[in-house]
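Here is a short report on one protein model. Keep the sequence and the 3D view at hand as you read.

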Amino acid sequence: MTDVSLVALRSGTQKSAPTVRVFLKDRASEDAFRQCFATLGVEGVQFAAGTVSTAVPVLTKEKSPQLLVVDISGVDDPVASLCELADVCDPDVSVVVVGEHNDVVLYRDMKNAGITEYFLKPLVWDQLIHTCKRILFPENAAPSQRTGKLVFMLGVRGGAGATTIAINTAWHLAEARRRRTLLLDLDLQGGDIPLQLDTKPADALREALEHPERVDKLFLERGIKPITKRLDLLACLRPLQSSPDFTEEAARLLLEKLLPHYRFVIVDLPHYAAAWTKAVLRLPSTCIVVSNASLAAARDTGRWSEILGANTSDRSTVYVLNRAAARGGLDTGEFARASGKQPDLVIPYDSELAEASLRGIAAMRNCSPFNSCLKPILSQLAGEPPEKKLSIFQRLFGSLLPPAFPRRR
């Protein structure tokens, strides 16, 4: 993509997020913030009456602003509401909270939840100026450390089903878990994620990998294809005769630019590209290694396990045996012995599922057995506790048992 076409890309019609979004209950606080933004010369400010509870459904449907101001006055559980707000906002949004409680414990809990600052009513104008200037014009401010979760989907061989799992994982994180998610297809010449999502790839990914230094928030807004309100796609389809290579440094820089804007970045990483981007796989991430039940896949699973190594505090590997018990394939025990790795997750072969996977996400969404198999991965990525398996006695008589004692505070 030339510089001219890049300018054209950036001049698209997709609506940008406002610079500032404000949700306040009282007029005095609103007037203080209006005066603050007018003094700083900030444009693109949107005010609305309400609290953090009002902001959650709004931000679920809209792009996150650079600065978000919310009121917690009268909210029963402000920390829980702020955590709910965090689930629907981009990781890089700065949140300023306004309230009436002068409580050190509450302040510490809100800071742990990720807010930037808390102001007690009545508001002090000088403090607003100082904080908003630091957020909106961060020339000397330290960069935010909040980033999304990076997930690599690595198929040990073509046809293992990694792309299908990547798409469905991203779809359920975005739609069922309401997390803002990006699908990044690094199979530049033959990736079929756009096909399965019934969309056409753009050329922004090629530009981003060739010139990662040019990627900024405006480029992301113009170059990334929205699939749903919370699911975006970054993919391209290069000519077959072109070189599929991209550098490790370019991939690393691109991921660093993407992660602050999403809760999850799901990377469909083909095995041939993973072979020369091993340093990228060392980034803090979860690597989901997908294989089928063939003998060759078992061999390659063992080879990749040697490259990926043991789990660390910021990097983990999940081994998925897909299409287990397919005709002609190894059973789970044989696969574990041949690969040297016991699968963490086994997805059994199903003819209906195999047929649906050829027709894209519209068909796969209705495959409840497959979606049930993915639950452990989805829960682990979303940070949810695993579902407890109930005994037969508990399933039969659980409704008759007395409730547990409330936890003492």
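Strand S7 (residues 181-185) and strand S10 (residues 264-269) run parallel, joined by 5 bridges. Two strands pair if DSSP finds at least two bridges between them. Helices (H or I, at least four residues) and strands (E, at least two) are DSSP runs, numbered from the N terminus. Aspartate 185 stands opposite aspartate 268 in S10.

This is a predicted model: local features need pLDDT of at least 70, side-chain atom pairs count only at pLDDT 80 or more, and totals for chains, interfaces and linings use all residues. Residues are numbered from 1 along each chain as its sequence is written, and side-chain values use heavy atoms, leaving out hydrogens and water.

The sheet is open and has 8 strands, in the order S8-S9-S7-S10-S6-S11-S12-S13, with mixed pairing. Its edge strands are S8 (225-226) and S13 (345-348), and each pairs on one side only. Strands of a sheet pair through backbone hydrogen bonds, either parallel or antiparallel.

Now the helix H7 (residues 162-175). Its 14 residues should span 20 Å at 1.5 Å a residue, and its end C-alpha atoms are 20 Å apart, which agrees. The expected span is 1.5 Å times one less than the number of residues. Of the 14 residues of H7, 13 are buried, so the helix is largely enclosed by the rest of the structure. Buried means under 20% relative accessible area, exposed over 50%, and partly exposed in between (1.4 Å probe, protein chains only).

Next come the aromatic rings. The structure holds 4 aromatic pairs. Rings of Phe, Tyr and Trp (its six-membered ring) pair if their centres lie within 6.5 Å; planes under 30 degrees apart count as stacked, over 60 as edge-to-face and the rest as tilted. Two of the pairs are tabulated here.

| Pair | Centres apart | Plane angle | Type |
|---|---|---|---|
| Phenylalanine 33 and phenylalanine 37 | 5.9 Å | 35° | tilted |
| Phenylalanine 246 and tryptophan 276 | 5.8 Å | 65° | edge-to-face |

Phenylalanine 33 and phenylalanine 37 are 4 residues apart in helix H2 (residues 27-40), so about one helical turn separates them. Phenylalanine 33 is buried at 0% relative accessibility. Phenylalanine 37 is buried too, at 2%. Phe33, Phe37 and Phe47 form one aromatic cluster.

Is phenylalanine 246 buried or exposed? At 8% relative accessibility, phenylalanine 246 counts as buried. Tryptophan 276, at 28%, counts as partly exposed.
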